[in-house]
Amino acid sequence: MQTGFDLLEALPLELSSQCLAQLTCRERHAVVPFVSKRWRDLAYSPALLRQLAIQLNTTDVLSTLDSLLAGLLRRAAGQTKSLQLALDASLACLPSAPFTDAATTAAVSRAAECDLVVKDGEAAVHAALSRCLGSFACTGPHSLSRLALELRYVPLHLDDPWATAVLRNVRQLSLRVHGAPLCVPAPLHALGSLAELSLEGAPLVLEGTVRLPAGLTKLHMGGVEDANILGKVAEAIALRSLSLARLEHSAEELSPLASLGPSLERLAMTRCGNLPAPATLAQLPQLQALHLDHTPRWGDSREVGAELQAALEPLTQLTHLVCAHLRAFPAMPPALAQLAELQSFGWLGPAPTASPALPDGPWAASLRTVAVPAEVAAASLPFLASASRLEGLGLSRFAAGGCARQHGILRAAAAHLSLRRVCMHLDEAPLPVGLFDAAIEAQRRTPGLSIERGNSIAETLRGGGYSNPIGVHALVFAGDWTENSATAAVATAKAAGYDMLELAVFNADTLDAAMTRRVFQEHGLQPACSLGLSLGADISSADPGVVARGVAELDGALRFAAAIGARHLCGVLYSAIAKYPGPPSAAGRANAAREIRALAAKAADQGIQISLEVVNRYETNLLNTAAQAMDFLAALNHDNVYVHLDTYHMNIEEDSIEQAVRLCGSRLGYVHIGESHRGYLGSGSVDFGGLFRGLAAIDYAGPMTFESFSSAVVSPDLSNNLCVWRNLWSDSADLAAHARGYIDAEWRAACTAALLPAQAGCQ
């Protein structure tokens, strides 16, 4: 008779690995290796070591750091790409002053018996950190790419011995210290690979000569006391996302932010005393998203309302706005009505006291997602009915006895032509019977409407759930790239609600970079570039001359991408787009790896990410599956090379689209979304549900770009190369608008299911 252990041993390797992945890192590596040799090999397999998240607290910090953790990190060195380490050393670093709390004294006594409270706790923790993280300094130049370190009650200095060697090649760095200072030394700018940086301390101290890395695109700073630090932030000319927390600076002291105008797209402020002055905000023409949480904090409700009104007036280009936990205003800011580009709006706090209705105005035509108190929604039913593109409505703060008002909202939701989701956040459990019945009736009347209990829409907005750029390929709109075609393509993409337009850069030296950059900037759209090599410029060839032509073509594409301000260069960069007569040779594979590694290094210096597109066997012989791409990346060993997945090709080659996405994990850098026949999304055989579930599971934050081709638009030569011989569509604008709505709805649903599972109906 088989035991439970026998059944577990008999599980397929892939399923066993997925089961172990559900355990905490500590469970997986402190217990599982002692079950059997098979399980030990699984626990220390590259797939389970690629991302580590370790949390240790109070009494076990020092002993665990020096035993389990040190051993684990030594095994992980060279395998781990992402490390999250949270240490709560509150008992290991207690001061020597007498305790008056009996419970605390008892806890300290127990800890002392375990030899965990040491005379110099800070030094002990730092020494343990140095021993553990030091193992990553000896694994070559391209090991750890993401490090998140969180300490409680222990100061952290970035000049600690492990810091320089470990951080040299990190792309994403998060350092948070609670209840103690975080000190950042001057050589921060030497971290040339750093693209995303989060620093938070109590306080955060930057040395006077600190300079931020030139390629930094995303920055969070919390606990800053020195007003001069914002001048250093203004020097980060490539910065696209800035988050500030616990700043008490005046509007005048925030004025250096104006220098970020050419690049800044997202600004978040949490528990800050003041907003930047309107004159400062007016110099941020690229700003798309503004998140305000408990900001501004100073002044009475009328003063705060006037400050918010003045701040919004120059920001008519905003597409996403969240205002959370602000003071109760008499009325919504009138400036909202003029935000004609706004797609998502969240008012996550008390409703205005005198006039809670949303103001009428041009902004109704662009809104796709709204999260407001139920009182605001009830007072704004005519406005919501006029929002013809509205797809998601989040409701909170249901007042007791407001059943009639709530029923009115649900009736209006059922009658709305475009609305697809309503999320109701109620504290009461169970749901009031009358409201439950009303929800069931609304869904019966409108089968395509999902009514859920929860606050998933509000939380998605609060968490910046719109950070993924949603893009569309330029070949949806134009087959060439003259100024007229470029302007029409960019304008149509912007009107359809896209954040990004991908441009194929064949013969890059013949394209007008200055004109392209100007058109993108005028319309507030992000550019991305893609390329597929020809047989005459195939870097996987064994012919040095052919390889040299391929290198020249890649370099030209990179120059053009940098010139127009693109942050992504993707596509079939590693071989020709062609049907090969046989598998790749070892020499050809080595040539491709060598040249892609060189390209990635040059691109990193310009803040451009390289992503290699996985395509079907009829278009390349090198990378046909996600697994092959991950093996190729492992051989390359360069942090600036990512996987580019395309659903059209995945539908041909992959056993499971979802599992392919999960396999790539943090190395997935770009996604093409296309149907099996290259036409309207949802009308073919691609498993888009699996795609978006996989993307949500790995917390994918990169671009998602719709790609579709029709011979009515694509040039004859490219049509022949891509085998596009049918007119699958003729109305580009309609196709693009449909795809934008489809991607948005599927992505929201998947994120909601992953983070806060939606219920079918109200329960």
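**View 1. Glu522, an exposed residue in a salt bridge.** At 55% relative accessibility, Glu522 counts as exposed in this predicted model. Its side chain meets that of Arg518 in a salt bridge, at 3.8 Å from N to O. Arg518 is partly exposed, with a relative accessible area of 34%. Both sit in helix α19, and because they are four residues apart, about one helical turn separates them.

**View 2. Arg559 and Asp509 joined by a salt bridge.** Here the N to O distance is 3.5 Å. Arg559 belongs to helix α20 while Asp509 sits in the loop between β19 and α19, so the pair ties together parts 50 residues apart in sequence. Asp509 is exposed, at 63% relative accessible area.

**View 3. Glu658 and Arg693 linked by a salt bridge.** The closest N and O atoms are 3.2 Å apart. This one links distant parts of the chain, with Glu658 in helix α24 and Arg693 in helix α25, 35 residues apart. Glu658 is buried at 15% relative accessible area, whereas Arg693 is partly exposed at 44%.

**View 4. Strand β21 and its partners, β20 and β22.** Nine of the nine residues of β21 (568–576) are buried, so the strand is largely enclosed by the rest of the structure. β20 pairs with β21 in the parallel sense over five bridges, with Gly532 opposite Val572. Together with helix α20, these two strands make a right-handed β-α-β unit. β21 also pairs with β22, again parallel, over four bridges, and Leu569 stands opposite Ile610. The chain gets from β21 to β22 through helix α21 (residues 586–605), in a right-handed crossover.

Note on methods:
Residues numbered from 1 in each chain as written. Predicted model: local features only at pLDDT ≥ 70, side-chain atom pairs only at ≥ 80, totals over all residues. Heavy atoms only, no water. Buried < 20%, exposed > 50% of the residue type's maximum accessible area, 1.4 Å probe, protein only. Pairing = 2+ DSSP bridges. Right-handed = clockwise from strand over helix to strand, strands pointing away. Salt bridge = Lys/Arg side-chain N within 4 Å of Asp/Glu carboxyl O.
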